Amino acid sequence: MHHTMDGIDMLDPSGSMTTLTPMAETPITSSHHQLHGSYHSMNHMMSHHHSSHLGNHTPDGFLGAHHPAMAAAVAAAGLHPDTDTDPRELEAFAERFKQRRIKLGVTQADVGKALANLKLPGVGALSQSTICRFESLTLSHNNMIALKPILQAWLEEAEAQAKNKRRDPDAPSVLPAGEKKRTSIAAPEKRSLEAYFAVQPRPSGEKIAAIAEKLDLKKNVVRVWFCNQRQKQKRMKFAAQH
DNA sequence: ATGCATGAGCA
DNA sequence: GCTCATGCATA
């Protein structure tokens, strides 16, 4: 009984993401003293100003930063070459960053909050998620490039202060209580979605509606799923840039 | 560490 | 409606 759309029963969308888990760090959770400050409940303090300042300036799919013509133009403009945009450099920095961050005894969440204290123009706090993704290169190339200087600035500042101050038992741990959202797509449905995605990564609204109905999911959930799936394909680690 | 979600900006 | 940066909740 199939009439709207089928033909995906022969697909085998395997080899998605086999993220290995490095976990070679030391989760110190209460040793931040120099980079702290306002622990205001930053609930939605940043629900309207994030995608407009940190690298959301490239239309679609960043241009290869290795264009000879572009490199020349960049050089002529007196801007940096592709040293800051080089995936290799980013990767190296990300690792150095993580290493030194851990050495400082600071968690990813701590770093995120500390960024606001840097008071850099247009730079506010970031979430643990983002710091984590930066370290694991699971962000877009442009996003990595935009965040690098900021995190580098924090790192230098943090290490500088780590030299002066040494110990200061001050740990205002905040254990927020939150009840929010999060739909969970079951494995079978997920498999179907992946199969559809393999055939058509960008289904039309109607197609999405059809899929949603077949899988008994809300259309919005399916659309978002496809969007997120596309984003994943563009992340550094999996992009064909290495 | 990662899944599902929001919202700004663009077409 | 998409992309993109980013976040909360959760595994």
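Modeller: Start with H2 and H4: Phe93, Ala94, Phe97, Lys98 and Arg101 in H2 meet Ile131, Phe134 and Glu135 in H4. Contact here means heavy atoms within 4.5 Å. Helices (H or I, at least four residues) and strands (E, at least two) are DSSP runs, numbered from the N terminus.

Colleague: Before we go on, what am I looking at, and how is it numbered?

Modeller: This is a predicted model, in which local features need pLDDT of at least 70 and side-chain atom pairs count only at pLDDT 80 or more, while totals for chains, interfaces and linings use all residues. Residues are numbered from 1 along each chain as its sequence is written, chains are lettered from A and ligands numbered from 1 in the order in which they are written, and side-chain values use heavy atoms, with hydrogens and water left out.

Colleague: Back to H2 and H4. How do the residues of that contact divide by class?

Modeller: There are 5 nonpolar, no polar and 3 charged residues in the contact of H2 with H4. The classes are: Ala, Val, Leu, Ile, Met, Phe, Trp, Tyr, Cys and Pro nonpolar; Asp, Glu, Lys and Arg charged; the others, Gly among them, polar.

Colleague: And at what angle do the axes of H2 and H4 cross?

Modeller: Roughly 125 degrees, with the axes of H2 (residues 87-103) and H4 (residues 128-135) coming within 8 Å. H2 is therefore oblique to H4. Axes are lines fitted to C-alpha atoms, for helices over the stretch in contact, and angles run from 0 to 180 degrees between N-to-C directions. Under 35 degrees counts as roughly parallel, over 145 as roughly antiparallel, 65 to 115 as roughly perpendicular and the rest as oblique.

Colleague: What about H3 and H5, at what angle do they pack?

Modeller: About 90 degrees, with the axes of H3 (residues 108-117) and H5 (residues 141-164) 10 Å apart. So H3 is roughly perpendicular to H5. By class, that contact has 6 nonpolar, no polar and no charged residues.

Colleague: Which residues meet there?

Modeller: Val111, Ala114 and Leu115 from H3, and Ile150, Leu151 and Trp154 from H5.

Colleague: Staying in H5, is Lys148 buried or exposed?

Modeller: Lys148, which sits in helix H5, counts as buried because its relative accessibility is 7%. Buried means under 20% relative accessible area, exposed over 50%, and partly exposed in between (1.4 Å probe, protein chains only).

Colleague: What does Lys148 touch?

Modeller: Leaving out residues up to four places away in sequence, Lys148 touches Asp84, Glu89, Leu90, Phe93 and Phe134. Phe93 and Phe134 also take part in the contact of H2 with H4.

Colleague: And Arg133, what does that one touch?

Modeller: Arg133 is in helix H4. With the residues up to four places away in sequence not counted, Arg133 touches Thr138, Leu139 and Arg235. Its relative accessibility is 37%, so Arg133 counts as partly exposed. The C-alpha atoms of Arg133 and Ala94 are 9.7 Å apart, for 39 residues along the chain.

Colleague: Switching to the backbone. Where does Lys119 lie?

Modeller: In the loop between H3 and H4. Lys119 is not a glycine, yet it has a positive phi of about 55 degrees. At 69% relative accessibility, Lys119 counts as exposed. Asp216, in the loop between H7 and H8, has a positive phi of about 60 degrees and is not a glycine either. Asp216 counts as exposed, at 68% relative accessibility.

Colleague: Why flag those?

Modeller: Because most residues other than glycine have a negative phi.

Colleague: Next, H6. Which of its residues are buried?

Modeller: Leu193, Ala195, Tyr196 and Phe197 are the buried residues of H6. They pack against helix H7 (205-215) and helix H8 (219-234).

Colleague: Last topic, the whole chain. How many helices and strands does chain A have?

Modeller: Chain A has 8 helices and 0 strands. Of its 242 residues, 29% count as buried. Among contacts between residues at least 6 apart in sequence, 71% join residues at least 24 apart.
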